[in-house]
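Biologist: Hello! Could you walk me through this model, step by step?

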Amino acid sequence: MQKVFIMGGAQTDFERNWTKEGKGLLALLKESVSDGLAAAGLTFDDIKELNKVNKVGCFVGNFIGELYAEQGHLGALVTMVDKALYGVPTARYEAACASSSAAIDAAFSKIALGEYEVAVVIGWELMKTVDSKTGGDFLGHAAFYEEEGKGISFPFPKLFGKLADELIAKYSLDENVFMDSLAKISAKNYSNAKKNPLAQTRKWFMDYEQARHRGTPTNQLVGGRLAVSDCSQVTDGAAVVVLASEGYLAKRGLKNNPYIKGWGHRVAPMPFQDKMQDSLSSPYVLPWTRQAIEDAYRRSGLTVQDIDVFETHDCFTSSEYAAISAFGITVPGEEYKAIQDGIITFEGSKPVNPSGGLIGCGHPVGASGARMLLDLYKQVSGAAGAYQVHNVRNAMMLNIGGSATTNYSYIVGR
Amino acid sequence: MSIRTVTVIGANGTMGRNVSAIFASFGNAKVHMVCRDMEKAKEAVEKAVQSVKADSIRRNLLPADFSTLLDCVRESDLVFDSVAENMEIKGEVIGQIRDALPQDAYFCSGTSGLSITKLAEMLPEEKRRNVFGVHFFNPPYSLNLCELIKTNYSDVNKHQKLREYLSSCLHRSVVEIKDRPAFLGNRIGFQFLNEAMQYAQRCQDSGGIDYIDSILGPFSGRSMPPLVTSDFVGLDIHQAIVDNLYSNLASGDKEAYKMPDFAVSLVKEGRLGRKTKGGLYKTLILSENDKKRLVFDIASSTYRDQIEYNFSFAQKAIHHLARGDYQAAAFSIFNNESQEAEICTEFLLKYIFYSLQASLEVGNSTHDADVVMVHGYGWCPPQAMLEWISSTGMLHSISKERLPKSFQEIFDIDMLLGVAQKSGFDYRRYLHAKK
């Protein structure tokens, strides 16, 4: 097995609404792929050369472009970006909100096995093509649609509202302490996003008081005890990350690029109730999420002590809450302590989501995994600008699909 | 620096209440919203809450009327003037508060173009060092530009601290501007808007208003066509801004700010735009669910149905933009010799050169022009526009060929191209694939 390095990449500005700009998926792909390659120091001619010897591939992560953008065969679509991509092996990978992590997984394998020298991961989703209610129904396909999605208005906030209920019940938590902890997560992620020039919410106002007061006209309840401030917002966007072999970096005279040190991939039972039934015997509310992270630690030979920054899948505040113990930052049941003590804030000892995460930076679902990997790369290579955490050697991400059904974790370091 | 208490005078106006919300939210300051009467003040509080979509700031918003003005001012760290754009009215208000204003408190005016120096001179000498122009754009929640204007009286330290507060605490994009008429953003923006109005008059036989708006549609770098924008802003406000520039600019470029006769007449007749249900455009309500938009036909001085123009250059540009082919879109516009493409090209080129020139006169660098147009108007910034046109390799030649000789006599094209910098902004997001 060979080491898999990251050459760089780019994300689009998640504030943008491509439908309002009158632009569709081709414009999004052209822009993100050309920007991603340029940021990695590659040209389309480089891709052409690599393709002559079958040493490059494109790996597309997208959840449900068939519905949002009325387009299937999304791997092949990449050939329309530039003629240099004619003949390049491309395919689309789907695992709901973890789609681009599945694409990273495939890309990683090809390089680790020595088959390819360069692998271009392209995660994207256009979500502003439909109104929020229709979009909410589309997203319901990431759950067991027949029972958990169909005919239910905004199914996912409700599922993660149930996760909040389960956390309180499992650990006998004080409800106020728990809900205030969720408000702190929201305020933290909005605050971090202010430092990120590509974050969807960078101009929005949110503070702890606004997040804490749920059920008001400007912070309505949307899923059980969760309100708008507890949710990530839908947006349009793409993120491109270029992976490469050690040999290819050497050819280009590159040294010290960050590499993927470990990975974990576990899939939990799909229906939420089955997940909860399955977790009764575990100290963790999401044991397969924890397992994916443990696998990444094991493969990298690292522990939570070695990780300097985390990017996690805060589709809702309750999912970031559960991730805190899954990462091993606290034992399960004591996540609120890490929040109260400021451990996961930007200045804390274990910063979580310095980018703003899904709540602050935005969540174009098929792009989020690639966006996280790109952010790990930026943090490890000191290129995160205003949201750079000091002295990052190793960084970890957790990207989940559905109600924490597909769980992907990667560790990037030097 | 800590700004704990703010008084906004004239908080019933759109800017006054929206600015109150910015101080109360990002700044977490207690804000006295001083309005004409308490009822208006209470309404303003609710509208302010809505403007930042956060009920949590209601705790910071205190309705007030002029009967308690002095008490509010006495306990304020910053007093913000948002009363009518009229030197006399502002003078009266300043006269009222001049003694109550604490020695160290800031006095900031939100004026969109009156002289800050003259306002400062209405205060006693020892308080003039605390006077600044702090010009927000509407709506400030989404347009976060703040033009910061100091005067010769301003205290350097206070200026630095205010700048820091506006950018770090209130999350504003701050640009320091000299105390000149209309500052920078409106000087650039209203050159474009007013010349669009002048061209509408000149091209009245080709259609006039909707003709020009179709030539300068969203595909050319603004989400809203220019004359729709003026109608939205209000023709009276448009007039106040361009009149101010026309009377106070010395240089030869002032003609761009002369409001055309037809628009002056509309203002006289009270047809001010959207707020009066008629101006350059007019919405006709046919039934509960059926509306029709009419346009003012300059040639016949009547409202008529809008014309669906289908200029081939625009259609091609839109087709390419929709697919992300920006260079091809640029060729569609700049390599086309139809009358409409030439007008579009002329406007975009003038926009670039006016911006560069104005930024040198009023700002500190050409980058300031980009910042004000992005964060104050949401338009494609001039230097990014320049990069887009440059992608055709034709920038220099079309600048020389398409710009009127009279323009080139006033603006030194080569010098301005020489001082232009690489824009920190990306033009792509501002070029919309829409008519």
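Biologist: Which residue in β7(B) is the bridge partner of F136(B)?

Modeller: This is a predicted model, where local features need pLDDT of at least 70, side-chain atom pairs count only at pLDDT 80 or more, and totals for chains, interfaces and linings use all residues. Residues are numbered from 1 along each chain as its sequence is written, with chains lettered from A and ligands numbered from 1 in the order in which they are written. Strands β6 (residues 131-136) and β7 (residues 145-149) of chain B run antiparallel, joined by four bridges; strands are DSSP runs (E, at least two residues), numbered from the N terminus. In β7(B), F136(B) has as its bridge partner C146(B).

Biologist: Which strands of chain B stand at the edges of the sheet?

Modeller: The open sheet has eight strands in the order β3-β2-β1-β4-β5-β6-β7-β8 (chain B), with mixed pairing. Two strands pair if DSSP finds at least two bridges between them. Each edge strand has a single partner, so one side of it is left without a neighbour in the sheet, and these strands are β3 (61-65) and β8 (173-177) of chain B.

Biologist: Which strand gives the most to the side of domain 1 of chain B that touches domain 2 of chain B?

Modeller: An automatic or database domain assignment sets the bounds, giving domain 1 (5-177) and domain 2 (185-430) in chain B. Twelve residues of domain 1 of chain B are in contact with 14 residues of domain 2 of chain B (contact: C-beta atoms, placed from the backbone, within 7 Å). On that side of domain 1, β7 and β8 of chain B each supply at least two residues. With four residues, the strand that gives the most is β8(B).

Technical notes. Contact = placed C-beta atoms within 7 Å.
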